[in-house]
Amino acid sequence: MSTAPVSFSPVRGMRDFYPEDMLWRNRVFDAWRSASAAFGFQPYDACVVESLELLQRKSGEEVSEQIYHFEDKSGRRLALRPEMTPTLARMIAARRGSLAFPVKWFTTAQCFRYERMTRGRKREHYQWNMDIVGEQAVTAEVEILAAAAAALQMMGMPDDSYKIHVNNRALLAELLHNTGILPEHHPAVFLALDKRGKINDEEIEELLKAEGLGSEPIRRTFELLEVQTLDQAEALAGQDSPAVRRLRELFTLARLYGIDDRLVFDISVIRGLAYYTDIVFEAFDIGRRFRAIFGGGRYDNLLTTVGGDPTPAVGLGFGDVVIMEILKEMLGDQAASARSGVAVGYMFQEQRDAAMRLARKLRTDGEQVDVMLTHLKPKQFFARASAGTSAEAVFIGPDDVAKGVVRRKNLDTRAETEIRLPIA
Ligand code: HAM
């Protein structure tokens, strides 16, 4: 065995969560769980290890190149999942005969991607996934977007602090078709255009040329990205465009759900995953200083790709990294100062049993109790209680045991009440 000192840092790109970090993480996870429940989604889960074959797609997506993979001792080709959607598709396909569609499922999945590390991007993150499988109507999209908006509200994000940018890949497909670009080139064109902002336009042009596009179609493709409004898009696509109709319906329904103030049409939202077929969306902070808060869309063909029956589906992935960066900046240490429960201490060994009995009684009553494990001087006890997470403190001395009552002190306001000590 090597005797070299072990680094105390986590592996590059991975995170440790100390108790103070967990306050932030719980704030986010609690909102995800509550919003899922409020919108009637059922929880599911799966192992972080998947078969590499399920995850790999030959589409030139960034995510396929970022997979952490390995062989197990029996030579199976395995991977740490970079996203949850293929696993969900596999699980749905496995039960296709017995599920009552549409299903509404959610999970918080840890995902791994060997990314170039930048702000908002780690090599491991937790991702809230909500998916509706088996529903064609745009009501499914709105339900998911409204649940995400509800989660953001629960975390303390004001409604005017972010926007959900919405587009439809089917609209882009119609417009590309009008410019003479055949459907077989569309997936590659989508992935190339999604790189806008990450690489320069000349590099995108090279990708489009490599796909076999001539300079005139390339020029017209870039022109499409200048479209600003849904009316302009409709003027190009035609009034009977099904893709425009679905977007209009989405905006109408958003009004009903009270989230229309946060939705904007944005033709540049394309998404970097190949499986999306129709409406796609990404949420950003209003100043666009951070990476996407969440992203998702409709993927009506993925179930067939993994071998299942054709099944429409729509879903979202909402990571914990970007939102925690935003919340920390917006809320300062508000979240980190959350105190609850009561600390119980005692002055001498003789009061230990009284303290333990009180702790047991309070816990039975449903309170969170942090009982000291040894006797402490009053100053030591109150210093420890104040530095901890308890909101209140009870300190038992010899006189308290004799009287059978003790004071319960609020550590913030210093207000005191008297409580009875349980009798042996
Ligand atoms: P995605 O856009 O690749 O979509 O990821 C969704 C979200 O996960 C991002 O918006 C971001 O919040 C977070 N995220 C992704 N990669 C990282 C990273 N390296 N570090 C930190 N956060 C990250 C998907 O994964 C789709 N499977 C979502 C989906 C579900 N579509 C339909 N259902």
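P102 lies in the loop between α4 (85-94) and β5 (103-112), and the peptide bond from F101 to P102 is cis, with omega near 0°. Helices (H or I, at least four residues) and strands (E, at least two) are DSSP runs, numbered from the N terminus. This is a predicted model, in which local features need pLDDT of at least 70 and side-chain atom pairs count only at pLDDT 80 or more, while totals for chains, interfaces and linings use all residues. Residues are numbered from 1 along each chain as its sequence is written, and side-chain values use heavy atoms, with hydrogens and water left out.

**Backbone geometry**

- Most residues other than glycine have a negative phi, and most peptide bonds are trans.
- R288, a residue other than glycine, has a positive phi near 50°.
- The position of R288 is the loop between β9 (279-285) and β10, and at 45% relative accessibility R288 counts as partly exposed.
- In this text, buried means under 20% relative accessible area, exposed means over 50%, and partly exposed means in between (1.4 Å probe, protein chains only).
- R414 is not a glycine either, yet its phi is positive, at about 70°.
- R414 belongs to the loop between β15 (405-410) and β16 (416-420), and with 48% relative accessibility R414 is partly exposed.

**A strand pair**

- Strand β3 (residues 68-71) pairs with strand β4 (residues 77-80) in the antiparallel sense, over four bridges; two strands pair if DSSP finds at least two bridges between them.
- Within this pair, F70 stands opposite L78 in β4.
- The two strands, β3 and β4, form a hairpin with five residues between them.
- In the turn of that hairpin, G75 has a positive phi of about 80°.

**The ligand and its surroundings**

- There are 25 residues around the ligand, and E83, T85, K122, D131 and Y276 come nearest; a residue is near a molecule or strand if one of its heavy atoms lies within 4 Å of it.
- By class, the shell around the ligand has nine nonpolar, nine polar and seven charged residues.
- In this classification, Ala, Val, Leu, Ile, Met, Phe, Trp, Tyr, Cys and Pro count as nonpolar, Asp, Glu, Lys and Arg as charged, and the others, Gly among them, as polar.
- The side chain of R113 has an N or O atom 2.9 Å from an oxygen atom of the ligand.
- The side chain of H125 has an N or O atom 3.3 Å from a nitrogen atom of the ligand.
- A nitrogen atom of the ligand lies 2.8 Å from a polar side-chain atom of D131.
- Taken alone, the ligand exposes 660 Å², and the protein buries 96% of that; accessible areas come from the Shrake-Rupley method with a 1.4 Å probe, and for residues only the protein chains shown count as cover.
- The elements that give two or more residues to the shell around the ligand are β6 (124-133), β10 (294-298) and β11 (313-319).

**Salt bridges**

- The structure holds 31 salt bridges, a salt bridge being a side-chain nitrogen of Lys or Arg within 4 Å of a carboxyl oxygen of Asp or Glu.
- One of them joins the side chains of E83 and R57 (2.9 Å, N to O).
- Because E83 lies in the loop between β4 and α4, and R57 in the loop between α2 (52-55) and α3 (62-65), the pair ties together parts that are 26 residues apart in sequence.
- E83 is buried, with a relative accessible area of 3%, and R57 is buried as well, with 16%.
- A salt bridge also links the side chains of K104 and E143 (3.1 Å, N to O).
- K104 lies in strand β5 and E143 in helix α5 (residues 139-155), so this pair ties together parts that are 39 residues apart in sequence.
- K104 is partly exposed, with a relative accessible area of 23%, whereas E143 is buried, with 15%.
- The side chains of E223 and R219 meet in a salt bridge at 2.5 Å, N to O.
- E223 and R219 are four residues apart in helix α9 (residues 215-224), and therefore are separated by about one helical turn.
- E223 is partly exposed, with a relative accessible area of 44%, and R219 is partly exposed at 43% relative accessibility.
- Salt bridges that share partners join E141, R246, D278, R298 and D300 into one network.

Note on methods
A polar contact is a pair of N or O atoms within 3.5 Å; within protein, one must be able to donate a hydrogen and the other to accept it, and residues adjacent in sequence count only if both atoms are side-chain atoms.
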